[in-house]
Amino acid sequence: MAVAIWRNLKLPSMPLMSTKFAHLNALEAESIHIFREVAACFDRPVMLYSIGKDSSVLLHLLRKAFYPARPPIPLLHVDTTWKFREMIAFRDHVAASNDVRLLVHINEDGVRQGISPLIHGAAVHTDIMKTAALKQALDKYGFDAAIGGARRDEEKSRAKERVFSFRNAQHHWDPKRQRPEFWSLYNTHIHKGESVRVFPLSNWTEMDVWHYIRREHIPVVPLYFARERPVVERDGALIMVDDERFVLREGEHIEKRMVRFRTLGCYPLTGAVISTAETLDAIIKEMTQSRTSERQGRIIDHDPSASMERKKQEGYF
Amino acid sequence: MAGGDTSTHNLLRFITCGSVDDGKSTLLGRLLYDSGMLSDDQVEILRQDSRRRYPDSDTLDFSLLTDGLDAERQQGITIDVAYRYFHNARRHFMVADCPGHEQYTRNMATGASHADLAVVLVDARKGLLQQTRRHTYICLLLGIRKIILAVNKMDLVDYRSDVYEEIKNEYLALAEQLGGDTAYVLPIAALTGDNISSRSQRMPWYKGPALLEVLESISIEPQQPGNFRMPVQWVNRPDQHFRGYAGTVCGGHVKVGEAVVIQPGMHKAKVERIVTADGDISEARTGQAVTLTLDREVDISRGDLIVDAAHPALEADQFAGHVLWLGDEPLLPSRGYWLKIGARTVSARITSIKHKIDVNTQAKLAAHRLELNEVGSCNIDLDHPIAFEPYAVNHVLGGFILIDRQSHATVACGMLDFALRRAANVHWQHLDVDKQARARGKGQPPRCVWLTGLSGAGKSTIANQLERRLCALGYHTYLLDGDNLRHGLNRDLGFTPEARVENVRRVAEVAHLMVDAGLIVLVCVISPFRNEREFARGLFAHDEFVEVFVDTSLEECERRDPKGLYRKAREGQISNFTGIDSPYETPAAPELHLHTEGAKLEALVEQLVTYLIPASR
């Protein structure tokens with residue numbers, strides 16, 4: 001083979017990014033490819049719908065992938081019973097659209113035990129109402145592929161996860177035995193009882209998600225936009241008082257502050273950020289200047305440093 | 001906008017690779033930090049983590065940013081690929097930080113399959129190492145045409161130009177030998193940031209650009225766009241009025257009204273619409289995920305290929321290619337695997353390993369098997385013809401993975417080089433008298449009764465008695481005994497796993513011929529591996545193959561030891577003995593399961609006769 005060794009490097013002058021969103025098209029095409037692969041290769045796929053911005057993007061891509069057919073994959077929301085009320089209203093609005101089927105699962109054992117993030121703490125609550133609940137739902141419906149909105153830029157152990165991430169019959173992830181994943185060739189073969197988690201947004205960044213939401217006019221929960229909201233400062237985080245279950249501790253008082261949320265989850269576990277960003281443009285501008293990461297607002301992640309990996313090994317999404 | 005421009009010239013996908021401790025993770029962390037991609041809380045966590053590991057120093061240990069798994073942080077090594085994303089005013093970057101240990105080569109290769117460019121690191125104090133060569137070789141094997149060698153840790157050799165020059169010359173010679181197109185070499189110090197995002201003051205003798213300058217301005221020519229190709233991923237049929245073929249275009253472009261053919265086979269049609277959720281478009285290009293409708297009814301299913309009618313792809317069922325073995329168990333020629341290519345999955349066998357390649361010297365070595373992380377040049381045989389292109393021309397239509405049929409693990413990735421013409425030249429002679437005619441003449445349904453079980457389980461005894469019964473009833477039979485065949489047909493085979501696979505393959509093929517002749521064939525072979533029994537089953541029609549598990553415990557077989565073999569195996573006189581130092585994989589769903597212990601021979605044979613001969617006879 002003829003070899004032109006590149007001894008004297010001459011660099012062309014690269015223009016400033018002209019086709020600013022070309023890479024969004026590439027990301028979109030990749031995600032659509034992944035959705036179609038799931039529909040073609042699994043008997044009972046499901047899409048985990050968490051109501052957040054990533055889920056909004058997932059749902060948008062799900063519809064695009066199978067247009068003009070209805071999406072052949074149902075949605076599943078694992079309801080911890082502690083979500084923001086605005087999230088539930090948004091979810092019910094989505095459920096009312098006639099092209100998708102949305103299932104809701106609640107861990108009734110946990111409800112009977114009265115599990116609460118305010119009493120039992122973030123770890124116990126998440127374990128019972130989220131991780132265990134998800135396993136219950138997957139087992140109940142016999143889903144063999146569960147699509148989620150996780151991105152590799154969110155967290156260090158996520159950066160190592162495959163697009164098609166294999167789980168054993170106990171829903172456990174073994175980071176040392178991940179299947180090598182070449183090109184866009186996904187190994188979708190599993191034994192009965194085993195399943196995969198599929199992450200079509202693996203290669204998207206938080207910024208890509210917002211740019212895409214803006215470009216495609218994708219609806220998101222209003223909590224992402226700044227507004228005056230009743231908040232309490234607790235353990236260094238701003239917690240929104242969303243219903244009467246939130247009991248004030250001594251010395252705490254409710255303030256009205258201009259805040260928004262970068263991620264959404266259970267309201268007692270989700271910190272708000274002080275912000276005046278009331279529009280998508282303002283959010284994107286704020287993020288460009290931001291010096292903190294997305295998951296900082298998540299109280300569940302502030303356990304020992306590798307906690308996400310440990311939770312995932314046990315079946316957390 | 002699924003129909004929009006998907007050119008990715010403003011996205012550079014690259015990997016960092018090289019040997020352990022050459023500083024890959026540190027380099028990547030430094031790139032993220034220098035590009036301002038790290039948030040304050042991430043830097044703060046990094047500062048705490050760094051201090052925990054190095055209590056006496058204020059240096060940030062950037063490797064802690066990317067080694068995200070518990071095991072990695074505990075051992076201070078990178079096990080799996082970490083994908084990171086950053087951008088500046090000129091470009092978006094997607095970078096895969098690849099592990100350096102030889103045992104994790106498969107993970108490194110995974111990262112390389114997604115990259116346009118590789119940054120190979122070497123430690124200036126150590127020079128080129130085996131992993132430098134190995135990773136460079138794998139990058140080129142997977143089609144990465146642009147390589148940057150970053151001579152790292154220049155701070156530890158006092159920024160000396162002679163050290164750098166020596167490594168540079170050695171590497172350029174290596175790249176030339178390996179057939180790389182372009183390789184660029186530059187001196188850096190990732191820990192201190194020299195020549196990373198700005199040119200270093202400490203190496204004035206180096207006149208070239210800093211690493212980030214190279215990364216943000218280097219042009220990546222897309223693989224030759226070529227002719228229109230689209231694997232059908234999913235058939236979209238919401239109702240009887242719409243029938244679309246969804247897929248991602250993997251070559252060239254197509255316009256509404258253009259003629260296409262569907263492969264394999266050569267059904268012709270014209271593109272009627274190109275459908276996307278954002279409205280129909282008039283043209284689809286490489287990289288776009290679209291749905292095509294055609295102007296006529298054609299039988300198309302997932303895995304078929306829609307291509308430019310004037311330039312169809314090649315079709316074949318035998319290939320020469322390269323395989324990188326990823327499995328913990330070695331690759332055994334003749335064993336069946338699933339091969340996935342594009343949207344198609346077929347059964348495949350590696351018919352021969354022509355040679356394996358020593359990654360250090362690129363010498364071609366003779367090989368009977370491929371072990372984990374070895375690369376071999378192989379011949380591959382498929383059970384169905386596929387449409388393909390050589391990997392060098394089209395990565396989607398020439399790149400494949402092999403999947404183990406039992407464990408479902410991904411055990412290899414491979415690249416098709418060219419089709420072998422043998423299958424096309426050896427024609428199948430169609431005969432007028434067929435299996436049905438022969439069987440009718442004998443008044444019996446042809447069968448292959450496959451008795452599997454441990455040595456000494458009683459296979460031959462049962463088969464012998466069964467044949468006597470069948471013969472007495474007037475049936476035409478033949479008994480193929482594993483031991484007897486090893487005196488003739490299989491005389492050249494030993495008892496290694498490879499030889500056992502080949503032994504079973506030959507026995508199955510002979511049984512297949514005899515069933516074709518209309519006989520009831522009784523096969524007695526240990527056939528310890530599920531894969532090979534499934535291969536045998538695959539040769540026969542649905543009802544023809546009767547797997548009989550002659551189930552006798554190892555203790556009982558050893559107690560019987562009719563040929564004295566267990567004693568010899570225990571004494572170490574023979575090796576690879578099933579049940580002792582070679583595994584027996586129990587049948588999952590045999591047609592008949594005979595428990596021999598405590599059972600009478602006549603009763604067992606009666607079970608078989610009842611199964612084989614319907615009561616009416």
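In this predicted model, helices H14(B) and H15(B) cross in a right-handed way. H14 covers residues 497–516 of chain B and H15 covers residues 530–538 of chain B, and the two pack with their axes 10 Å apart, at an angle of about 20°. Angles under 35 degrees count as roughly parallel, so H14(B) is roughly parallel to H15(B).

**Where H14(B) and H15(B) touch**

- From H14(B), the residues in the contact are B:Val501, B:Val504, B:Arg505, B:Ala508 and B:Glu509.
- H15(B) answers with B:Glu532, B:Phe535 and B:Ala536.

**A helix pair in chain A**

- Two packed helices are described by the angle between their axes and the distance between the axes.
- For helix H2 (residues 53–66) and helix H6 (residues 206–216) of chain A, the angle is about 55° and the axes lie 10 Å apart.
- That angle makes H2(A) oblique to H6(A).
- The crossing of H2(A) and H6(A) is left-handed.
- On the H2(A) side you will find A:Lys53, A:Asp54, A:Val57, A:His60, A:Leu61 and A:Lys64.
- They meet A:Glu206, A:Val209, A:Trp210, A:Tyr212, A:Ile213 and A:Glu216 of H6(A).
- The residues of this contact of H2(A) with H6(A) comprise 6 nonpolar, 1 polar and 5 charged.

**A sheet in chain B**

- Strands of a sheet pair through backbone hydrogen bonds, either parallel or antiparallel.
- Chain B has an open sheet of 6 strands with mixed pairing, and its order reads E2-E3-E1-E4-E5-E6.
- The edges belong to strand E2 (82–87) and strand E6 (182–187) of chain B; each has a single partner strand, so one side of each is left without a neighbour in the sheet.
- From one strand to the next, the twist averages 25°.
- Strand E5 (residues 146–152) of chain B pairs with E6(B) in the parallel sense, over 6 bridges.
- To see one of these pairings, look at B:Ile147, whose bridge partner in E6(B) is B:Ala183.

**A helix on the sheet**

- Helix H6 (residues 130–141) of chain B packs on this sheet.
- The strands that H6 of chain B touches are E1 (11–18), E4 (117–123) and E5 of chain B.
- The direction of H6 of chain B makes about 150° with that of E1(B).

Technical notes
Residues numbered from 1 in each chain as written. Chains lettered and ligands numbered in written order. Predicted model: local features only at pLDDT ≥ 70, side-chain atom pairs only at ≥ 80, totals over all residues. Heavy atoms only, no water. Axes fitted to C-alpha atoms, helices over the stretch in contact; angles between N-to-C directions. Helix = DSSP H or I, 4+ residues; strand = E, 2+ residues; numbered from the N terminus. Parallel < 35°, antiparallel > 145°, perpendicular 65-115°, else oblique. Left-handed = near helix turned anticlockwise from the far one by under 90°. Contact = heavy atoms within 4.5 Å. Nonpolar A, V, L, I, M, F, W, Y, C, P; charged D, E, K, R; others polar. Pairing = 2+ DSSP bridges.
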